[in-house]
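Dear colleague,

Please find below the structure that I am handing over to you, together with its sequence. My findings follow directly after it.

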Amino acid sequence: MSLGCDLTVLEELTSNAKQIQDDVLNKILNANANTEYLKRFLQGSSDKELFKKNVPVVSYEDVKPYIDRVANGEPSDIISGEPITAFFRSSGTTSGNQKIFPANNITFENILFAFSLSSVVMSKHVEVYKQGKVMSFTFTQTISTTPCGLPLAPGLTSFIKSEYYRRLAKNSTSPYQIILCPDTKQSMYCQLLCGLVQRDEVVSVGSVFASVLVQVIHFLENYWKELASNIRSGHLSEWITDLSCRESVSTILVEPNPELADLIENECGQTSWQGIVTRLWPKAKCMEAIITGSMAQHISALEFYSNKLPLVSPIYGSSEAFFGLNLEPLCKPQHVSYTFLPNMSYFEFIDVDVEGGTTSGEVLDLVDVKLGRYYELLVTNFSGLHRCRVGDVLEATGYYNKTPQFRFVRRKTTVLSVHLEPTTEEDLLKALARATVILESLELMLTGFTCYGDVSTVPGHYVFYLELKAKVNNNSIDDEVLDNKVLVECCRVMEESLNGTYRRFRRKNGSIGALEIRVVQQGTFDSLMDFFVSRGSSISQYKTPMCINSAEALKVLEDKVLARFFSDKSPPI
Ligand code: AMP
């Protein structure tokens, strides 16, 4: 399916969603009817109605044994008619455990198509997009192999290292060889250096997820003096030992540039880092990174650092499949919806209620969803997943031509519960948004957030870990700056915005204890990311977990607690 990539294609796809989805399903069923998996339910038929009637809706755990068999060396046709050529490892930070997903040539073609189309959409909305360069922080990991010798890596790494990536029109300040460097620290340093040297060409600053952009800015805070010194002398620091990185940097940092070094020192040495991105990259027109879902916690920090450049959340996808594009890239992060691309996979939607419970359990086709309803997403892809739950809850918000658009609501699983209350990611984000407003009135910026249900106390209670930073002098905060009254107020408004069940348990019978905020030292969330990356997460796909379940990850946070605050009254019901 090598479709050309321009706006006409987008119009065609979105105007014919129903037909295209039917064709996609037909194609998948024709290719896979004789796999061991589908034969169990369809006895070799590729009839769509039979598929809907007989093939069960499953979770990853249900198909894992089949996937593992292929990864261990049994033939691909256990699950897929098309040969499986690679496995994608999911980040595992949202679900808690890493999963592996089969991929084949169509998977790679789809990613290529979606990225190309996303860039076409950007060019339509950001005038100079095609004329300048994108400073896109991209990282890859080493590819390992499954027991049968097939490559295993995060989806983005596999794609970047594949031949398909070469076909993607690129205009990035980061040379390819630097992106390939497996040492994140060396790679990040060199990508920043190259981005600074090419500052006048940069029209957009990005990474896949917003958390990585925040991490890059923290890295710049620690390394700007050294970066400026390298630029002043024209020599790269000796600790960059990766030869490909050195070679690539030498093609960009070709001579000493004292004027640029002065400028960097001048801008980065100022007491406030407000607008640092636009000060260092004055031609940047936007920041591009996924900023919806759990990434929404980074909105205020990025707005601060970029002086409110538009934050563009361009794509929605996962290791299972590519889903959709944001066709109004310059809209506010709070209003982002993704238009599904009907040629990517076959999509179905289970009606769920706002609290996450299944309602009628009705499974709808893409074109049959109803605006304003919440759905759990199911995917049937070209590489062996059939009616598999992705674990995301979406709200149908509108149409582009005849294709529905969705707002990302949250991961499906209830993330916090210390009694019987179902607190979701969305509840937490709402609570956090209210606390952020109070913190901003104190010129404090939120630079990291996660939480945990502490049931070691009786009754159990919620613990929110916040990493804060003073906006004015770009300093880390110490406990003297932390105004007890204001933080207690934050605890209170957070409780007020949690769901009714939480508030009832908290108020009526004391089944839930007072909400607690633990403020952690600056850099704690970088350490948390290092912890997950050391466990095999890919930095490019890393998402700060909304809620911590692992005792070891909790220890990373606990070691850095500066101060604790508790809500001082029960929320109204
Ligand atoms: P992974 O398979 O590790 O890449 O993780 C995929 C998951 O990341 C998705 O199922 C979503 O939960 C989340 N995700 C991906 N794109 C977005 C987006 N645009 N907005 C919110 N969450 C996203």
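This is a predicted model: local features need pLDDT of at least 70, side-chain atom pairs count only at pLDDT 80 or more; totals for chains, interfaces and linings use all residues.

Strand E9 (315–317), strand E15 (388–400) and strand E16 (403–411) each contribute at least two residues to the shell around the ligand. Of the elements that build this shell, E9 gives the most, namely three residues.

In total, 16 residues surround the ligand, and the closest are Ser-91, Thr-292, Ile-315, Ser-319 and Asp-392. By residue class, the shell consists of six nonpolar, seven polar and three charged residues.

The side chain of Thr-292 has an N or O atom 2.7 Å from a nitrogen atom of the ligand. Ile-315 takes part through its backbone, where an N or O atom lies 2.8 Å from a nitrogen atom of the ligand. In the case of Asp-392, an N or O atom of the side chain is 2.7 Å from an oxygen atom of the ligand. The ligand on its own has 490 Å² of accessible area, and the protein covers 94% of it. As to its location, the ligand sits in the largest cavity.

Turning to the overall fold, the protein contains 20 helices and 20 strands. Its radius of gyration is 24 Å, close to the 25 Å that the globule rule gives for 573 residues, so the protein is as compact as a globular protein of that length. The C-alpha trace spans about 70 × 70 × 45 Å along the principal axes of the protein.

Two details of the backbone may also be of interest to you. The peptide bond that joins Val-458 and Pro-459 is cis, with omega at about -10 degrees. Pro-459 belongs to the loop between strand E17 (444–454) and strand E18 (461–470). The second detail concerns Gln-43, a residue other than glycine with a positive phi, near 45 degrees. Gln-43 is located in the loop that runs between helix H3 (36–42) and helix H4 (48–54).

With kind regards

Conventions:
Residues are numbered from 1 along each chain as its sequence is written. Side-chain values use heavy atoms; hydrogens and water are left out. A residue is near a molecule or strand if one of its heavy atoms lies within 4 Å of it. A polar contact is a pair of N or O atoms within 3.5 Å; within protein, one must be able to donate a hydrogen and the other to accept it, and residues adjacent in sequence count only if both atoms are side-chain atoms. Accessible areas come from the Shrake-Rupley method with a 1.4 Å probe; for residues, only the protein chains shown count as cover. On a 1 Å grid over the protein atoms alone, a cavity is a set of points where a 1.4 Å probe fits but cannot get out, and a pocket is an open set with protein on both sides within 12 Å along at least five of seven lines; lining residues have an atom within 4 Å of a point. A molecule sits in a cavity or pocket if more than half of its atoms lie within 2 Å of its grid points. Helices (H or I, at least four residues) and strands (E, at least two) are DSSP runs, numbered from the N terminus. Ala, Val, Leu, Ile, Met, Phe, Trp, Tyr, Cys and Pro count as nonpolar, Asp, Glu, Lys and Arg as charged, and the others, Gly among them, as polar. The radius of gyration is taken over C-alpha atoms; the globule rule is 2.2 Å times the number of residues to the power 0.38.
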